[in-house]
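Good morning, colleagues. Please bring the sequence and the structure up on your screens, and I shall then take you through the model.

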Amino acid sequence: MAQPLTEDVVAAARKGDALAFRAIYQELSPVVFGYLRSHGVPDPEAVTSDVFVSVLQRVDRLVGGVAGLRTFVMSIAHARYVDEARRRRRQPQTFEYDTAFDPRITRSAEDEALAYAGTANILSVLRSLPDDQREVLALRFVADLAIDDVATVIGRSPGAVKQLQRRGLLALRRLLAGAGVTR
Amino acid sequence: MTTPDDDDPEMTDQLEYPGDIALLMRELRELGRVPPPAPSPELEALLSQGIPEFRRRRAPRRLAAVAAVVLGATSATGVAAAADRLPGPVADMVNDLTPLRVGDHHPRPGAPLPTRAPRTSTPDRTMHPRPQSSPVGVERRGAPPASEPMAQPDAAPPSNTHDDDGSVAPRSPSSSPSPSPSSSPRSNDDTRSSTGSQTPSPTNSRTARDR
């Protein structure tokens, strides 16, 4: 069982301690994984591992304790997502046709219920948001960063982040209402 | 610093359906509360072994070594360019390691002369006292310009044979023909500088005898 993420754990990680590394991974990898999923990264597990390899190789230069570590991890995750998105734009992926992924096919009531029961629906609606709004919502709520930290990660002002968050939440609610989901 | 939840009430109060928005936020947060994914083999190695201290310190040390080499090379070439010659140790190193001969044309002021004296000129000729038999100013006037010996680095070292053939004879200031470069008065100078000047040199003894 990994130890909880504390300032001591971060200090031990800075010295290269393997147990501290594992504690960091246990605590923050779900956040990175969810962040990458919210952006629709094709292989979020592999990219999450890449993110943590980078994090652990540079953790000795970390400042700011646990909060600094969280921001640092999400900065690297954000950079990896941007790289991945650019790579995908340059080399579009091709898939075989599958009716399960064809939005023109009407789903049954059972499919609808199953889809909306879990996180699949919010993920699909989230991906239809503009990039900057989705980015802010993912960092604010999935990664649980404060406004100032989100501003640091994406290089915008805190005021701009607040505006993007507000617009994103409204757009998200509108999209979900348009999809016929009652909450 | 604000915490993640600080501005949630602010956000929800501004919206028409706060309950809806709060639910959305909760769902978004649920996306980050899943079991950790399985690490890749590379990450698993890091997680189980950590990173030894020496590995993390190697990169800065390597960077410092490269910076030192670059700084040293830049300084050496800068000094060499400013002085129009290589620094002494660098010239010696080039002479030792390559067939090139650098630095011969520009002997160092403080360099010892014995090994290089036969091959190079003696720029500090006036430092040595002149023999009594030579009139003042003869050798200076008949001597080639300072740059001339440098153009003939392979001139034979002064020896007695040059003196024996009579080409080098004491000359008065008015009757000093231009001697051949190999038998210029510089040869006598070289001999004097290596033997000391307070006592008459063998050359001077011979020239007096010839007379």
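The secondary structure of chain B consists of nine helices and zero strands, where helices (H or I, at least four residues) and strands (E, at least two) are DSSP runs numbered from the N terminus. Read from the N terminus, the order of elements in chain B is α-α-α-α-α-α-α-α-α. This is a predicted model, in which local features need pLDDT of at least 70 and side-chain atom pairs count only at pLDDT 80 or more, whereas totals for chains, interfaces and linings use all residues. Residues are numbered from 1 along each chain as its sequence is written, chains are lettered from A and ligands numbered from 1 in the order in which they are written, and side-chain values use heavy atoms, with hydrogens and water left out.

Of the 211 residues in chain B, 25% are buried; buried means under 20% relative accessible area, exposed over 50%, and partly exposed in between, with a 1.4 Å probe and protein chains only. For contacts, the criterion is heavy atoms within 4.5 Å. Among the contacts in chain B with a separation of 6 or more, 50% are between residues 24 or more positions apart.

I turn now to the interface. Chain A contributes 47 residues to the contact and chain B contributes 40 residues. The size of an interface is often given as the accessible area lost when the parts come together. Here the area buried between chain A and chain B is about 3900 Å², and carbon and sulfur atoms give 64% of that area. Buried area is the accessible area (1.4 Å probe) that two parts lose on being put together, summed over both.

How many salt bridges does the rule find across the interface of chain A and chain B? It finds two, a salt bridge being a side-chain nitrogen of Lys or Arg within 4 Å of a carboxyl oxygen of Asp or Glu. Glu44(B) and Arg22(A) form a salt bridge through their side chains, at 2.8 Å from N to O.

Next, please look at helix 3 of chain B, residues 41-49, in which Leu43(B), Leu46(B) and Leu47(B) are buried. These residues lie on the same side of helix 3 of chain B, because they cover an arc of only 95° around the axis; the arc is that of the directions from the helix axis to the C-beta atoms. An α-helix has 3.6 residues a turn, so residues three or four places apart point the same way. On the other side of helix 3 of chain B, the exposed residues are Pro41(B) and Gln49(B). Against what do the buried residues of helix 3 of chain B pack? Their partners are helix 2 (18-38) and helix 3 (44-58) of chain A. After helix 3 of chain B comes Gly50(B), with a positive phi near 75°.

From the side of chain A, consider Ser49(A), which lies in helix 3 of chain A. Ser49(A) is buried, since its relative accessible area is 1%. Apart from neighbours within four places in sequence, Ser49(A) is in contact with Ala38(B), Pro39(B), Ser40(B) and Leu43(B).

Let us move to the aromatic residues. Over all chains the structure holds two aromatic pairs; rings of Phe, Tyr and Trp (its six-membered ring) pair if their centres lie within 6.5 Å, and planes under 30 degrees apart count as stacked, over 60 as edge-to-face and the rest as tilted. Tyr25(A) and Phe52(A) are edge-to-face, because their ring centres are 5.1 Å apart and their planes stand at 80°. This pair links distant parts of the chain, with Tyr25(A) in helix 2 of chain A and Phe52(A) in helix 3 of chain A, 27 residues apart. Tyr25(A) counts as buried at 2% relative accessibility, and Phe52(A) is buried with a relative accessible area of 0%.

Tyr35(A) and Tyr81(A) are also edge-to-face, because their ring centres are 6.4 Å apart and their planes stand at 85°. Since Tyr35(A) lies in helix 2 of chain A and Tyr81(A) in helix 4 (residues 65-90) of chain A, the pair ties together parts that are 46 residues apart in sequence. Tyr35(A) is buried, with a relative accessible area of 0%, and Tyr81(A) counts as buried at 8% relative accessibility.

Finally, I come to Arg140(A), which lies in helix 7 (residues 131-142) of chain A. Is Arg140(A) buried or exposed? At 0% relative accessibility, Arg140(A) counts as buried. Arg140(A) lies over the face of Phe141(A), 5.3 Å from the ring centre; a charge sits over a ring if NZ of Lys or CZ of Arg is within 6 Å of the ring centre and within 35 degrees of the ring normal.
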